[in-house]
Amino acid sequence: MEKRIELAPNCSLTPAGAKLFFVATCLFSLAFSLFFVYLGFWPVLPFWALEMLALGLALQASMRRRRYTQTVTVTESQICLVTRSRRGEAKQEFARHWAKVRLRSPRTRLYPSRLMIESRGRAFEVGSFLTEEERCLLAKRLRNLVGGMNESPPLEVD
């Protein structure tokens, strides 16, 4: 028996959609910029270029983020957390019997909480890209699967 939870950031924009959005935004704003250049306000053009560069970099970062995923697998004896990113794949394993799921409060209100799986002095964050509500629901689900320390509830079939 095993339970698998797949986590991925919400990236609704596809690469083709991002390109289309970027090109459309560039052309639309270029038309306005050229109108002002025609009126004699030529300094508008370098600022337009800087804006489009910033937009392009932000879209590129967003497209890179969509490759980041986490898979949490809970079996009778262990918890396996596989994190995939552009740097490759990292795997963390915890003994289920000694593991504990913790939702740590942020230091200040500006930061989100952190969902951690801890065991024998090791800890790893799960779902850092989730919203606060999603993180709380995941914490509840993981607590039901993992149980407390020295407590391993049976894995039931859904």
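**Entry 1: E118.** I started with the neighbours of E118. Leaving aside residues within four places in sequence, E118 is in contact (heavy atoms within 4.5 Å) with W98, A99, K100, R102, R104 and A123. E118 is found in strand 6; helices (H or I, at least four residues) and strands (E, at least two) are DSSP runs, numbered from the N terminus. I have E118 down as buried, at a relative accessible area of 13%. Buried here is under 20% relative accessible area, exposed is over 50% and partly exposed is in between, with a 1.4 Å probe and protein chains only.

**Entry 2: ground rules.** This is a predicted model, where local features need pLDDT of at least 70, side-chain atom pairs count only at pLDDT 80 or more, and totals for chains, interfaces and linings use all residues. Residues are numbered from 1 along each chain as its sequence is written, and side-chain values use heavy atoms, with hydrogens and water left out.

**Entry 3: charged partners of E118.** The E118 and R102 side chains meet at 3.6 Å, N to O. R102 sits in strand 5 and E118 in strand 6, so this pair ties together parts 16 residues apart in sequence. I noted R102 as partly exposed, at 36%.

**Entry 4: other salt bridges.** I get eight salt bridges in the structure. E76 and R96 form one of them through their side chains, at 3.8 Å, N to O. E76 lies in the loop between strand 2 and strand 3, and R96 in the loop between strand 4 (88–95) and strand 5 (100–104), so the pair ties together parts 20 residues apart in sequence. R96 is buried at 0% relative accessible area, while E76 is partly exposed at 45%.

Entry 5: Beyond its neighbours within four places in sequence, I see L138 in contact with I5, L7, L115, V126 and L130.

**Entry 6: cysteines.** How many disulfides does the structure hold? I count zero, taking a disulfide as a pair of cysteine sulfur atoms within 2.5 Å. C11 is buried at 16%, whereas C136 is partly exposed at 36%.

How values were computed:
Salt bridge = Lys/Arg side-chain N within 4 Å of Asp/Glu carboxyl O.
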